[in-house]
Amino acid sequence: MPWGVSYFLMKNSEYAMHDRAKATRTTPEQAICGPDAALLASIAESAVARSIGNTPLHRLRRYERYLGLPETIELHLKAEWVNPGGSIKDRTALSIVRAAIKSGQLGPGRTLLDATSGNTGIAYAMLGAALSFPVTLVVPGSASEERKRTLAAYGARVIYSDPYEGSDGAIRLVREMTSVAGDDFFYADQYNNPANPAAHVATTGPEIWRQSDGRVTHLVAALGTTGTLMGTGAYLRQQGAVQLIGVQPAEAFHGIEGLKHLPTAIVPGIYDPSLPDRIMGIETEAAFEAARALARVEGFFAGSSTGANLAAAGELARELASAGQAARLVVIGCDGGARYLSTGLWELG
Ligand SMILES: Cc1ncc(COP(=O)(O)O)c(C=O)c1O
């Protein structure tokens with residue numbers, strides 16, 4: 001068994017072999033001879049690719065009142081769950097795929113491979129189906145059942161890594177795979193790929209600036225690969241004096257899917273620690289409570305990392321209110337709540 005991963009493959013009855021991987025397999029030499037013009041053109045005509053981005057920014061007036069904030073403090077939520085793959089990671093995946101096709105790294109004979117806790121994987125799998133390239137994903141066994149089934153629905157091949165090692169375990173396993181069978185794969189490497197933050201420099205940042213009439217004062221974004229904060233933050237910083245707030249789980253062992261506790265995790269190569277003004281640690285229960293309150297108070301059904309962002313924004317908003325400052329906070333709504341129906345998030349007793 002290659003890759004030294006027989007244990008995970010054996011334990012893994014759920015992964016599905018992707019037929020397209022075999023159908024398009026050619027030699028590695030052919031795979032790196034330049035951009036695949038047909039694949040590139042298929043992005044332009046893909047209805048799914050074209051419907052990524054341009055998400056709404058909603059002012060949360062009822063949630064502001066629920067928190068007891070004064071009128072001078074505004075909370076705005078960027079509703080990323082309306083992307084076709086259901087999360088902000090559609091932007092990342094599209095940017096990575098487009099850059100890889102342009103550079104000739106993804107084309108005939110190459111399978112896209114990455115480690116992903118779920119949302120980026122869903123986006124890769126969706127784009128693989130829409131544009132006809134094969135996708136193999138290494139996902140922590142702890143990912144929610146909804147995410148696993150969604151990947152299978154799009155026809156991606158999935159390998160599960162040790163559930164106790166989280167996203168870092170998935171990264172280690174992918175590195176092992178590429179060291180043995182590197183030429184067969186385009187390792188998308190969302191943690192180190194500059195096309196990840198570039199997606200947000202090109203789209204999320206300009207959208208927020210435009211939608212907030214250039215009056216955003218704070219950006220609150222959860223940290224996974226850190227691409228959202230790095231890219232959106234870099235763009236907004238160029239436009240004005242916007243405070244950039246990163247949100248991470250308060251502890252290493254947590255239940256907020258998609259997020260990293262940076263002090264104890266493999267730090268992504270795209271992370272620039274000098275960019276954020278502040279990093280806030282949020283307890284899992286506080287993140288869950290904020291997501292539940294959002295559903296009940298506003299009627300928006302979002303996931304736990306959105307809850308973490310809202311919990312951090314609430315804390316910050318109260319500090320600003322007691323200092324008598326006016327502010328327009330933009331909070332990233334990373335994905336929707338339906339992706340977590342089998343998790344503790346919606347066990348409401
Ligand atoms: C649900 C969820 N929220 C937030 C994030 C963090 O986004 P980023 O990777 O851009 O830091 C992720 C990343 O995968 C995620 O899956």
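**Exercise 1. Find the residue in strand 10 that is the bridge partner of Lys 78, then describe how strand 2 and strand 10 pair.**

Step 1. The model is a predicted one. In strand 10, Ile 332 is the bridge partner of Lys 78.

Step 2. Now take the two strands as a pair. Strand 2 covers residues 73–79, and strand 10 covers residues 327–333. Seven bridges link them, in the parallel sense.

Step 3. Six strands form an open sheet, ordered 1-2-10-7-8-9. Its pairing is mixed.

Step 4. Look at the edges. Strand 1 (57–59) and strand 9 (278–282) each have a single partner strand, so one side of each lacks a neighbour in the sheet. From one strand to the next, the twist averages 25°.

**Exercise 2. Work out the strand order of the four-strand sheet, and state which residue stands opposite Leu 112.**

Step 1. The order is 5-4-3-6. This sheet is open, and its pairing is parallel.

Step 2. Strand 5 (157–161) and strand 6 (185–187) are the edge strands. Each has a single partner strand, so one side of each is left without a neighbour in the sheet. Neighbouring strands are turned by 25° against each other on average, direction ignored.

Step 3. Go to strand 3 (residues 111–115). Three bridges join strand 3 to strand 6, and the two run parallel. Leu 112 stands opposite Phe 186 in strand 6.

Step 4. Helix 8 lies across strand 3 and strand 4 (135–140). The helix runs at about 165° to strand 4.

**Exercise 3. Describe the shell around the ligand: how many residues surround the ligand, and which are the closest?**

Step 1. Count. The ligand is surrounded by 19 residues. The closest are Gly 224, Thr 228, Gly 258, Ser 305 and Cys 334.

Step 2. Assign elements. Helix 8 (119–131) and helix 12 (227–239) are the elements that give two or more residues to the shell.

Step 3. Sort by type. The shell holds 12 polar, four nonpolar and three charged residues.

Step 4. Assign domains. Domain 1 (2–48 + 89–187) and domain 2 (53–87 + 195–346) each supply at least three residues of the shell.

**Exercise 4. Where is the mean pLDDT lowest and where is it highest among the elements of the protein?**

Step 1. Start with the whole protein. Its mean pLDDT is 89, and 90% of its residues reach 70 or more.

Step 2. Compare elements. Helix 1 (residues 6–11) has the lowest mean, 32. Strand 7 (residues 218–222) has the highest, 99.

Step 3. The pLDDT is below 50 over residues 1–31. Beyond near neighbours in sequence, this stretch has 55 contacts in the model.

Note on methods:
Residues are numbered from 1 along each chain as its sequence is written. This is a predicted model: local features need pLDDT of at least 70, side-chain atom pairs count only at pLDDT 80 or more; totals for chains, interfaces and linings use all residues. A residue is near a molecule or strand if its C-beta atom, placed from the backbone, lies within 6 Å of it. Ala, Val, Leu, Ile, Met, Phe, Trp, Tyr, Cys and Pro count as nonpolar, Asp, Glu, Lys and Arg as charged, and the others, Gly among them, as polar. Domain bounds come from an automatic or database domain assignment. pLDDT is the predictor's confidence in each residue, from 0 to 100. Two residues are in contact if their C-beta atoms, placed from the backbone, lie within 7 Å. Two strands pair if DSSP finds at least two bridges between them. Axes are lines fitted to C-alpha atoms, for helices over the stretch in contact, and angles run from 0 to 180 degrees between N-to-C directions.
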